[in-house]
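Please open the model in your viewer and keep the selection tool at hand. Each stop of this tour names what to select and then says what is there.

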Amino acid sequence: MNRPIFLIGYMGSGKSSLGRQLAHEMQRDFIDLDKYIETRFHATVKQIFAERGEEGFRLIERNIIHEVAEFQNVIVACGGGTPCYYDNMDFMLTHGLTVYLNVSPEVLALRLALPGSRNKRPLIADKSDEELLDFVREGLCKRLPYYTRAKIDFNATHLIDKAETIQTARQLVQVIAEHEK
């Protein structure tokens, strides 16, 4: 299977950290979609949102998904909202393998509350722990109808440290191999 593998899930689900390790294990290139967009547009996602609004960013994101879907042997860590706009989920389902990194709201909130994590995510920077959990529950509830359409639903709860990430990536390699038989 040379087609792209699209990792989807809520922020903090491990798309980037697990994606990098998965790419290493499968000897594929890794693409963090947000970083790819930032490189192409010479601006941060936050700056693009400020200049073009969410609609402008989502259109860029859609176009970039279509671009990276042409690549072979890549792992693509999508933004948390990527599958929820335009025809992105349908497109990813037909042009690659979609993997939903399934993590409970409680674990997501704990990960997002870690030192340094909130600062990288403006939407949650000023939220208390309780507000953060409510925010995650509400956001996840809205996005689940998209996430659960993925071909593989993978429990990504155990990404505590590097060793766990390696082990989890190896488990995901096996799940992908079984799926592709």
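A helix here is a DSSP run of H or I with at least four residues, and helices are numbered from the N terminus. Please keep in mind throughout that this is a predicted model.

Begin by selecting helix 2, which covers residues 33-41, and then look just after helix 2, where histidine 42 takes a positive phi of about 50°. Now go to the start of helix 2 and show the side chain of aspartate 32, one of whose oxygens reaches to within 3.1 Å of the backbone nitrogen of aspartate 34.

How do the axes of helix 2 and helix 3 cross? They come within 10 Å of each other and cross at roughly 110°, which means that helix 2 is roughly perpendicular to helix 3. Where the two helices meet, you can pick out residues of helix 2 including Leu33, Tyr36, Ile37 and Phe41, and residues of helix 3 including Val45, Ile48, Phe57 and Ile60. Counted by class, this contact of helix 2 with helix 3 has eleven nonpolar and six charged residues, but no polar ones.

Keep helix 3 and select helix 4, residues 88-95, whose axis comes within 11 Å of that of helix 3 and crosses it at roughly 5°; helix 3 and helix 4 are therefore roughly parallel to each other. Helix 3 contributes Glu61, Arg62, Ile65 and His66 to the contact, while helix 4 contributes Asn88, Phe91 and Met92. By class, these are three nonpolar, two polar and two charged residues.

For the last stop, display the largest pocket, which has a volume of about 1800 Å³. Select Met11, Gly12, Asp34, Lys120 and Arg121, which are the closest to its centre among the 50 residues that line it.

Notes:
Residues are numbered from 1 along each chain as its sequence is written. This is a predicted model: local features need pLDDT of at least 70, side-chain atom pairs count only at pLDDT 80 or more; totals for chains, interfaces and linings use all residues. Side-chain values use heavy atoms; hydrogens and water are left out. On a 1 Å grid over the protein atoms alone, a cavity is a set of points where a 1.4 Å probe fits but cannot get out, and a pocket is an open set with protein on both sides within 12 Å along at least five of seven lines; lining residues have an atom within 4 Å of a point. Grid points are joined across faces, edges and corners, and a volume is the space filled by probe spheres set on the points. Axes are lines fitted to C-alpha atoms, for helices over the stretch in contact, and angles run from 0 to 180 degrees between N-to-C directions. Angles under 35 degrees count as roughly parallel, over 145 as roughly antiparallel, 65 to 115 as roughly perpendicular and the rest as oblique. Contact means heavy atoms within 4.5 Å. Ala, Val, Leu, Ile, Met, Phe, Trp, Tyr, Cys and Pro count as nonpolar, Asp, Glu, Lys and Arg as charged, and the others, Gly among them, as polar. A polar contact is a pair of N or O atoms within 3.5 Å; within protein, one must be able to donate a hydrogen and the other to accept it, and residues adjacent in sequence count only if both atoms are side-chain atoms.
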